[in-house]
Amino acid sequence: MINHYSTLKPSYREDLREFSKKEYNKFVSLNTVNDWSQLRWKNVGNPYIVHSFAQEKKDWEKEHNEALPVYTSWTMFNRSFHSWFVKDVPAEMSAAKKEFIRSLGSFHPNKVKAALGNISRIHLWNYVHRIQDGIWDPRGKRALFEGLDVKKPRILFLGAAEGYEAMQLAAMYPGGEIVFVDYDPFCKDTRFEEFPNSYPFLGTNEQTGGYRIYYKEDFHTTYLVEDIRNLSFGREFDIVLSVGMLEHFPDEMKPEVVGWHRKYLKPGGYIIMTTPRVQLRSKLYYEIMADVMNHTYRELMTVEQMGLYMYENGLDIKRHGYIKVHNGIVAQEKSVI
Ligand SMILES: C[S@@+](CC[C@H](N)C(=O)[O-])C[C@H]1O[C@@H](n2cnc3c(N)ncnc32)[C@H](O)[C@@H]1O
């Protein structure tokens, strides 16, 4: 018997509740586009480009007098982002508050400003990641992944980082295999390695068809430290997934990025992608968290813009909608329909 609880841990929220009808409907009845062939760029506009960058990136560029190479930018981002996932958030919130009070006593404007910055970042992280579970978001992601026609799927996760979404998929469609791909070794050795073994993924019991809770060690996984452009797979995956990938490439590269997903997909397989939504609160988030998040080129887009990139590059959109701060799309290749 599964206890459908939600509980706050020091670093994240565990949530074993079923998704609600409202959450699920964000992908079915809130679908805003009936006919993608009728949609035009002049109607949907262009994505919003984030222009505030991490100090680390700015310092590197000043020192080297050139633009930060893309690969190096990802290595910086992954170390930075990971350091936030492992924080004991309540302890850090109280430390930040004490530091702020101390800084007031110093009468030093730069110290006060820095301490205020620390307070706002840790409180924002607490709200977005821990209270609202906007990143490890099991209910939203389960609602997005629901209803796929797959059995024991082979899942390819492009730009896998810590691997969260593929593990949630594998819990829902058990008995298959996950291949994670990320060219930053830190993702395999630290982000995935340190992903908490006790984090529960609510999924399906293969034997009974009822619920079962899975943990990281229950999945059959292979983690490749490899450039996506160098993979030697054929069309062998039932699901090809990426989370936060498309928005890091300017328009001239987006066809190639969508192509990476198509290349390894079995006929009839599913492509699942998510990107951050453009909304005032996301703009604010990437502004306040610039030092943590903004080492790379980044866009924020609507689900219509995201879907149009996918549709124009050979995909048939099966479902589209949003989960909290992300757009989510499930697609198949046009030719197989
Ligand atoms: C923005 S992250 C994805 C978001 C992720 N969920 C997270 O928590 O960081 C994109 C990931 O893709 C990886 N990546 C980008 N380009 C790649 C490439 N050409 N080959 C392999 N991995 C790549 C980066 O190293 C990074 O870990």
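Helices (H or I, at least four residues) and strands (E, at least two) are DSSP runs, numbered from the N terminus. The model is predicted, so local features need pLDDT of at least 70, side-chain atom pairs count only at pLDDT 80 or more, and totals for chains, interfaces and linings use all residues. Residues are numbered from 1 along each chain as its sequence is written.

**Exercise 1. Find Arg121, and say which residues it touches.**

Step 1: Look in helix H6, residues 109–131; that's where Arg121 sits.

Step 2: Check its surroundings. (With C-beta atoms placed from the backbone, 20 or more others within 10 Å of a residue's own means buried, 12 or fewer means exposed, and partly exposed is in between.)

Step 3: List its contacts, that is, residues whose C-beta atoms, placed from the backbone, lie within 7 Å. Skipping residues up to four places away in sequence, Arg121 touches Ile288, Met289 and Val292. Ile288 is 167 residues away along the chain, yet the two C-alpha atoms are separated by 6.6 Å.

**Exercise 2. Work out the strand order of the seven-stranded sheet, and which strands stand at its edges.**

Step 1: Pair up the strands, where a pair needs at least two DSSP bridges between them. The order comes out as S8-S5-S4-S9-S10-S13-S12, in an open sheet with mixed pairing.

Step 2: Go to the edges. S8 (221–224) and S12 (315–323) each have a single partner strand, so one side of each lacks a neighbour in the sheet. From one strand to the next, the twist averages 15 degrees. (Angles run from 0 to 180 degrees between N-to-C directions, and axes are lines fitted to C-alpha atoms, for helices over the stretch in contact.)

Step 3: Zoom in on S9 (residues 237–243) and S10 (residues 265–276), a parallel pair with six bridges. Here Leu241 faces Ile272 of S10, and Ile239 has Tyr270 as its bridge partner. Nine of the twelve S10 residues are buried.

**Exercise 3. Which residues of the largest nonpolar core touch the most other members?**

Step 1: Gather the core: buried Ala, Val, Leu, Ile, Met, Phe, Trp, Tyr and Cys residues joined through C-beta atoms within 7 Å.

Step 2: Pick from its 63 residues. Ile155, Leu156, Phe157, Ala166, Leu241 and Met310 touch the most other members.

Step 3: Neighbours within four places in sequence aside, Phe157 is in contact with Gly163, Ala166, Ile178, Phe180, Val181 and Leu241.

Notes
Contact = placed C-beta atoms within 7 Å.
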